[in-house]
Amino acid sequence: MPGTVVTFYSYKGGVGRSFALANIAVLLARWGHRVLCVDWDLEAPGLHHYFRPMFTGGITGGVVDLVDDFLAGMTQPVDHTIRLSTTGTLSFVAAGREDADYVRQVQEIDWDLLYDQGFGHYLEQCRDRWTTDYDYVLLDSRTGVSDIGSVCTAHLPDRLVVLFTANVQSIRGAVDIARRANEARDGLPYDRAQLTVLPVLSMFDTREEYDRSEEWRRKCASETEVLFRNWLHREVQTELISRHMTLPYVSYWSFGEQLPVRSEANPSADQIGFALETVAAVVAHGFDRTDLLAENRDAYVAAARGINRTFVHDLRVSSPRPTLDVAQTLIDELNSRDVRAVLSLSGDRSLLTDADDDARHLCLVVDGELTRWQSADVELFLHRTLGQDRRVIPVLAGDADANALPGYVGNLRYLRLSPTWGPAEVAQDLADQLNGAATHTEPDDVDPVDVLRRTARSRLHPATWQVVADIVDALLVATLAEDDPTVRELAAGLALVIRPRAGQPANQHRTTAAPDVQAAMTRVVRILEARVDGARQE
């Protein structure tokens with residue numbers, strides 16, 4: 001899938017546009033995306049100052065050199081990117097070389113003439129190359145209404161991020177440029193969809209004059225509401241999402257060209273890195289899933305972090321100490337089935353940090369009841385993973401009762417360890433579940449009579465028949481005792497035992513049930529059917 005071009009634009013200068021772009025680029029790269037930043041603010045370039053600490057060499061060319069290359073007759077774009085030294089893949093195309101000739105290069109550019117000569121097609125080739133090599137191409141656009149701004153807001157982008165401050169000219173200028181960009185795109189000879197536009201209120205100070213700041217919040221949301229219409233979830237209020245799309249003014253970061261996201265590893269809600277993460281998450285989600293953002297901002301950002309994330313382990317098995325041996329056997333069985341499993345003792349404090357959240361799914365071995373540490377583990381996991389394809393799978397041991405578990409665990413689909421269904425069988429269930437295959441049937445979903453009849457018609461390996469015999473004996477005892485929950489649970493286990501397994505040799509020796517097993521199954525069926533008939537007559 002080709003990458004996405006996102007232009008960062010502001011009608012007025014001094015709103016922190018380059019600052020926001022540079023920080024969001026670092027976040028997207030850290031989250032596993034391939035990111036390219038291009039400085040199109042040719043008359044006042046400055047993006048390179050934010051990235052200079054990450055340079056691995058000097059600037060040898062840039063956007064103005066793309067123009068010179070075209071005028072020199074180059075048929076294919078020359079690569080002027082610089083790879084930056086940071087976490088992930090982050091590259092940069094500067095405005096141009098830092099030398100005396102740069103000003104001349106900029107002043108000689110005639111954009112109308114260039115497009116008449118076919119520069120638009122050449123630029124389209126650059127765009128194709130960039131979107132092939134990168135997931136996100138972030139363009140830092142010139143302010144105001146200009147030819148350069150039109151290239152960045154109309155020709156190149158898929159999406160537009162407009163930054164503005166709390167004054168009328170900044171707000172209305174941002175709204176107007178979005179309208180102009182969409183009108184200009186209608187006349188392009190390229191296939192471009194309507195722009196989606198993200199308004200970001202920048203440098204907003206709420207520390208003093210609270211009433212006035214709230215008044216301006218409402219005004220900003222109202223004035224920019226039109227920009228949200230073609231992408232904001234219909235049930236989400238504009239004013240709520242506008243609050244999330246607000247970058248606070250923090251005087252510390254106004255000195256020099258600094259990147260707070262490189263030093264604020266886990267920012268709190270009052271730090272600017274927190275707001276930058278939120279905007280970056282909207283970009284990473286493709287301006288989508290804003291209902292999740294409205295419901296749970298932290299989960300929304302966590303989901304954005306996980307979009308391209310790779311995990312060291314498939315499954316983390318959390319166990320209290322009494323079931324540690326069982327949990328370790330379960331892990332060994334899982335690993336033998338190519339499921340990368342790792343053990344964590346209930347109460348492992350390393351799970352409280354994002355850095356150690358290195359397993360895609362969580363398995364809880366529950367012995368009797370959920371420990372308070374397991375409760376903390378699962379609450380944290382669910383909080384981090386809301387909206388992601390990451391699961392909590394309880395495995396009940398001993399006399400653990402699903403109905404007695406907290407709702408956020410008891411309502412989950414669970415597996416159970418029992419004398420007839422040990423770690424090997426549960427491991428196979430888990431492996432099937434993680435691989436999307438059919439898994440162990442839940443007790444409430446089975447018809448014991450139907451399962452027994454299917455079993456009676458089956459041809460199984462002799463060793464499997466021994467397992468079936470043990471389950472049928474237990475079924476007979478439970479049926480005579482009228483222990484319906486145990487009957488359903490044993491029938492669910494029996495359904496899984498007789499299920500055909502992938503990879504079984506077609507010519508493997510199989511037989512029908514031994515007479516004593518057939519007799520026991522027939523007896524259980526008769527008792528259960530008689531009980532049903534009796535209930536109907538009543």
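**Salt bridges, shape and a domain contact**

Tutor: The structure holds 28 salt bridges. The model is predicted.

Student: Which residue forms a salt bridge with D41?
Tutor: The closest N and O atoms of the pair are 3.1 Å apart. That is within the 4 Å cut-off for a salt bridge. The partner of D41 is R17.

Student: How many residues apart in sequence are the parts that D41 and R17 tie together?
Tutor: D41 sits in the loop between strand 2 (34-39) and helix 2 (47-51). R17 belongs to helix 1 (residues 17-30). The pair therefore ties together parts separated in sequence by 24 residues.

Student: How many helices and strands does the chain have, and is it spread out or compact?
Tutor: There are 22 helices and 13 strands in the chain. For 538 residues the globule rule gives 24 Å, and the radius of gyration is 31 Å, well over that. The C-alpha trace spans about 100 × 60 × 45 Å along its principal axes. Because of that radius of gyration, the chain is more spread out than a compact globule.

Student: What area do domain 2 and domain 3 bury between them?
Tutor: Domain 2 covers 313-435 and domain 3 covers 448-535. In the contact, 6 residues of domain 2 meet 8 residues of domain 3. Carbon and sulfur atoms carry 61% of the buried area. The total is about 570 Å².

Student: Which residues of domain 2 lose the most area to domain 3?
Tutor: Three residues together make up 69% of what the domain 2 side buries. They are R416, T420 and W421.

Student: Which side chain meets R416 in a salt bridge?
Tutor: The count between domain 2 and domain 3 is 1 salt bridge. For the R416 pair, the N to O distance is 3.2 Å. The side chain that R416 meets is that of E489.

Student: Which helix gives the largest share of the domain 2 side that touches domain 3?
Tutor: The residues of that side divide into 1 nonpolar, 2 polar and 3 charged. The largest share is 3 residues, and it comes from helix 18 (residues 423-434).

Definitions and conventions. Residues are numbered from 1 along each chain as its sequence is written. This is a predicted model: local features need pLDDT of at least 70, side-chain atom pairs count only at pLDDT 80 or more; totals for chains, interfaces and linings use all residues. Side-chain values use heavy atoms; hydrogens and water are left out. Domain bounds come from an automatic or database domain assignment. Contact means heavy atoms within 4.5 Å. Buried area is the accessible area (1.4 Å probe) that two parts lose on being put together, summed over both. Helices (H or I, at least four residues) and strands (E, at least two) are DSSP runs, numbered from the N terminus. Ala, Val, Leu, Ile, Met, Phe, Trp, Tyr, Cys and Pro count as nonpolar, Asp, Glu, Lys and Arg as charged, and the others, Gly among them, as polar. The radius of gyration is taken over C-alpha atoms; the globule rule is 2.2 Å times the number of residues to the power 0.38.
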